[in-house]
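Dear colleague,

Please find below the structure that I am handing over to you. I would be grateful if you could look through it before reading the notes that come after it.

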Amino acid sequence: MNQEPIPFNRPHAAGRETEFLREAVSSGYLSGNGRFGRKCSSWLAEHVGARAAFMTPSCTAALEMAMILAEVKPGDEVVMPSFTFVSCANAVALRGGVPVFVDVDEGTLNLDPDAVAAAITERTKAVIVVHYAGVGAEVERLASICEERGVLLVEDAAHCIHASRNGRPLGSFGAMATFSFHETKNVQCGEGGALVVNDERVLARAEIIQEKGTNRSVFLRGQADKYTWVDVGSSFLMSDIAAAFLWAQMLDAELVTQRRRALWDRYQEAFGPLADAGIVRLPTVPPECRHNAHIYALRLADTDTRDAFIAELSEQGIHSVFHYVPLHLSPAGQTLGRTAGPLLVTETESARLVRLPLYAELGSDIERVIAAATTAVRGLDRQFAA
Ligand SMILES: *Cc1c(COP(=O)(O)O)cnc(C)c1O
């Protein structure tokens with residue numbers, strides 16, 4: 001190999017991270033909800049148009065907060081896609097609840113609202129909808145199904161900074177939404193997340209749960225003369241060290257989204273002829289969705305073709321990856337969860353999906369990825385069967 005390898009992801013550096021870190025250090029305040037933490041949470045709440053945003057150590061932690069706030073108790077059920085990250089299911093299982101896995105739409109790989117409606121029982125406490133790749137799920141329909149059945153809607157908006165549906169930011173539709181600032185996400189601080197609250201009714205309790213189950217926030221505002229243990233909770237706070245880093249990224253988010261969109265569009269244009277030839281399937285973005293180019297994923301003929309494709313790219317020094325292993329087929333998913341309805345789309349599509357390198361600094365290296373991917377797919381010459 002005579003060319004530089006192309007990684008799957010390279011965390012974006014906005015430039016002002018070290019400046020803000022130095023500021024945080026000299027301020028002498030490094031724990032949660034500090035100066036930078038408050039800047040980040042205001043930015044996010046404004047971005048989503050939410051009541052409040054709580055900065056957390058991860059999206060995983062935010063999902064755990066959401067399931068405490070949804071009052072998931074042992075035996076309660078939470079409906080979610082099987083095609084998602086483990087944290088959705090863990091958050092439910094940690095409360096003693098049962099994740100109920102349903103299928104997704106073939107085009108967007110987002111929750112199928114009919115499958116959700118059919119999966120809701122009298123034990124259902126919540127529905128977790130994931131907006132895969134920052135492409136909005138049919139969240140208006142999901143919201144009305146949830147409202148009708150008295151179930152809370154939670155958006156896993158881990159992929160969703162700068163993404164909207166029908167002009168409304170993703171993360172603004174559910175009672176709550178969770179965001180991730182993991183280094184693999186568009187806007188990042190290594191490890192980080194947030195819980196966004198839209199429903200006034202969970203706001204006061206969210207504050208308590210984030211502060212280890214104490215009313216410390218009320219105390220800090222001078223609304224109580226001491227603080228004490230009042231509820232369950234944990235340390236769901238992002239340190240101001242991470243927040244200082246994240247603030248630099250938030251200020252740069254517009255540029256990151258623009259760059260990623262341009263790269264995504266280039267992939268989509270370049271692979272058009274392969275899709276026309278019936279050997280790949282391109283990502284689908286419904287016209288009502290404005291996405292943020294978080295993921296570029298192709299679908300190939302089958303698993304063998306996908307695996308051979310990944311190996312061929314790897315020979316050219318290009319790192320491509322796949323996800324998600326369907327949760328209903330995982331060892332923990334089989335013992336801790338259950339399925340509702342067939343999961344044919346999940347099983348078929350997850351087995352032949354491949355994600356290509358996509359990061360703000362990819363630049364003209366994208367042409368190398370396109371050339372290698374085109375050669376690989378043409379060489380494998382396997383027809384895509386819908
Ligand atoms: C990344 C991701 C998470 C977990 O995010 P962390 O911040 O790493 O905990 C959860 N859900 C989805 C859909 C994700 O992509």
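The notes below describe the domains of the protein and then the surroundings of the ligand. Please keep in mind that this is a predicted model.

Domains

The protein chain is divided into two parts: domain 1 covers residues 17–251, and domain 2 covers residues 253–385. Taken over C-alpha atoms, the centres of domain 1 and domain 2 are 26 Å apart. The two domains also touch each other, with 45 residues of domain 1 in contact with 38 residues of domain 2.

Ligand

The ligand sits in the largest pocket. Around the ligand there are 13 residues, and the closest are Thr60, Asp156, His159, Ser180 and Lys185. By type, this shell is made up of 5 nonpolar, 6 polar and 2 charged residues.

Aspartate 156 places a polar side-chain atom 2.7 Å from a nitrogen atom of the ligand. For histidine 159, a polar side-chain atom lies 2.6 Å from an oxygen atom of the ligand. Serine 180 likewise has a polar side-chain atom 2.7 Å from an oxygen atom of the ligand. The ligand taken alone exposes 380 Å², and the protein buries 93% of that area.

With kind regards

Terms used: Residues are numbered from 1 along each chain as its sequence is written. This is a predicted model: local features need pLDDT of at least 70, side-chain atom pairs count only at pLDDT 80 or more; totals for chains, interfaces and linings use all residues. Side-chain values use heavy atoms; hydrogens and water are left out. A residue is near a molecule or strand if one of its heavy atoms lies within 4 Å of it. A polar contact is a pair of N or O atoms within 3.5 Å; within protein, one must be able to donate a hydrogen and the other to accept it, and residues adjacent in sequence count only if both atoms are side-chain atoms. Accessible areas come from the Shrake-Rupley method with a 1.4 Å probe; for residues, only the protein chains shown count as cover. On a 1 Å grid over the protein atoms alone, a cavity is a set of points where a 1.4 Å probe fits but cannot get out, and a pocket is an open set with protein on both sides within 12 Å along at least five of seven lines; lining residues have an atom within 4 Å of a point. A molecule sits in a cavity or pocket if more than half of its atoms lie within 2 Å of its grid points. Ala, Val, Leu, Ile, Met, Phe, Trp, Tyr, Cys and Pro count as nonpolar, Asp, Glu, Lys and Arg as charged, and the others, Gly among them, as polar. Domain bounds come from an automatic or database domain assignment. Contact means heavy atoms within 4.5 Å.
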